[in-house]
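Please open the model in your viewer and keep the selection panel at hand.

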Amino acid sequence: MKKIIGLALALTLALSLTACLGRGRVLPALNALNGEGEGEAAAQANAGSGAQPAQAGSVSGKDMEQAIAQALSAIGGPSRITLCGGGSIKFEPANEWVGMWGDSWEISDPDMSHADLLESIDSQLTTAGFTKGGGLLGWQWTVHAGVQNIGLILGNEEGDTITLYMTHFPNCYSAAYIAEQEAVMPKMIPAAWAMEVLPENFLIKWETKGGWLYTLARKDGSWLYASDGSQSDSDWASDYATYYAAVLQPDGSYQNYEYTDENMTPRERDWFTSSNETVDDALLNILDYEYESGMSDSGNLSMWVQMCKDYADGTSSAQMRFSITGSMVVLRTEEIAGVVCDVVGNEGGGMFGTEQEWAYDPTTGLLFRYSKDDDYDSETPLDDFFKVVEYTDSPATLGNYPG
């Protein structure tokens, strides 16, 4: 079963590399996964290679434990680890043509159940600071190495065999390799959503692929929100923009108004508090579309900071569809709406073939553009699913609505 998965992933990797080379660019992260081309760290780091045979074959449980402990201790893990024995243990060294993981050990007729081994590894590695998470092959315990996660995998339960995998090739298990990856990783922003990083006064406009234009502004505590579907190709788009204003009152409450660009006569409507329980709830719906599930396809202002939060927490609770992965590279800078943004992408589409880019303000983490290859055609430009078209932290007239 392991070899079938390995061949499938190797084919996927080959297809991904073909797509990359078609654009004349090679992913450093894919080379890093195979321990190649990573400069001084790759040349010097060989943790884990001294305690195991060079060729595939049978090994003892002690040899397996020593090899895994040597690799993990080089990245901050324990110097000793207790695993399990069995009728036989077959070692298979890392092979870029067989799989995308590192060294592996297949334990036949194990003397411990899969559930008990999972619990044992978890208690040993989480205590050492490793983060437990799920993956394609099974449960994994990892530490960050730039945008990658490096550590140990306990394969999915398969009858009377248990398989352990290293996530990376042996020469990646070193402090030097981790430092090298962290030096080139995208900037991580410590925030949970856009309101934590937006200034006190601002005006921001963004558009989505469907042609909808949105505006959100705040000045001196008052709010303005507008949705304009006049340029949209959607069947349910409106021919005019609708504006909602929440004007702060001396007692801290809001006077709410709604009006359109066809008839700018305002009518009172508590949109911020009738459609939503509080102003904060309204902002969550505006800034973090479908925020409770993180299922926005188009992207939103909070996307990058939420991806950073998930990366730091080792979860996928803030942005379930988007995550910071080992296929991401820093591409360039780009000025969008007057802000110089860092552009990060998974060129060539990573494992699953869809090339994507995220452009964000490196100071605040606000997302200014999310684009992807919507038609899977490597010869055409990426489609912008979300893009900021105007931004200022000094709005001149906001707060005077509905005047």
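**Aromatic pairs**

A search of the whole structure, which is a predicted model, finds 15 aromatic pairs. Begin by selecting phenylalanine 202 and tryptophan 223, which form an edge-to-face aromatic pair with 6.1 Å from centre to centre and 70° between the planes. This pair links distant parts of the chain: phenylalanine 202 belongs to strand β8 (residues 202-208) and tryptophan 223 to strand β10 (residues 222-228), 21 residues apart. Are these two residues buried or exposed? Both phenylalanine 202 and tryptophan 223 are buried.

Next, select tyrosine 225 and tyrosine 244. Their rings form a stacked pair, 6.2 Å centre to centre, with 15° between the planes. Tyrosine 225 is in strand β10 and tyrosine 244 is in strand β11 (residues 241-248), so the pair ties together parts that lie 19 residues apart in sequence. Tyrosine 225 has a relative accessibility of 10% and therefore counts as buried, the cut-off being under 20%. Tyrosine 244 is also buried, with a relative accessible area of 10%.

Now extend the selection to Trp206, Trp212, Tyr214 and Phe386: together with Tyr225 and Tyr244, these residues form one aromatic cluster.

**Charges over rings**

Select lysine 132 and tryptophan 139. The charged end of lysine 132 sits over the ring of tryptophan 139, at 4.4 Å from the ring's centre. Then select lysine 372 and phenylalanine 385, where the lysine lies over the face of the phenylalanine, 5.0 Å from the ring centre.

**The sheet**

Switch to a cartoon display and colour the strands. In a sheet, strands pair through backbone hydrogen bonds, in either a parallel or an antiparallel manner. Here, eleven strands form an open sheet with antiparallel pairing, in the order β13-β12-β11-β10-β9-β8-β18-β17-β16-β15-β14. Which strands stand at the edges? They are β13 (267-268) and β14 (329-336); each has a single partner strand, so one side of each is left without a neighbour in the sheet.

**A helix across the strands**

Helix α9 lies across β15, β16 and β17 (367-372), and runs at about 105° to β16.

How values were computed:
Residues numbered from 1 in each chain as written. Predicted model: local features only at pLDDT ≥ 70, side-chain atom pairs only at ≥ 80, totals over all residues. Heavy atoms only, no water. Phe/Tyr/Trp six-rings, centres within 6.5 Å; stacked < 30°, edge-to-face > 60°. Helix = DSSP H or I, 4+ residues; strand = E, 2+ residues; numbered from the N terminus. Buried < 20%, exposed > 50% of the residue type's maximum accessible area, 1.4 Å probe, protein only. Lys NZ or Arg CZ within 6 Å of the ring centre and 35° of its normal. Pairing = 2+ DSSP bridges. Contact = heavy atoms within 4.5 Å. Axes fitted to C-alpha atoms, helices over the stretch in contact; angles between N-to-C directions.
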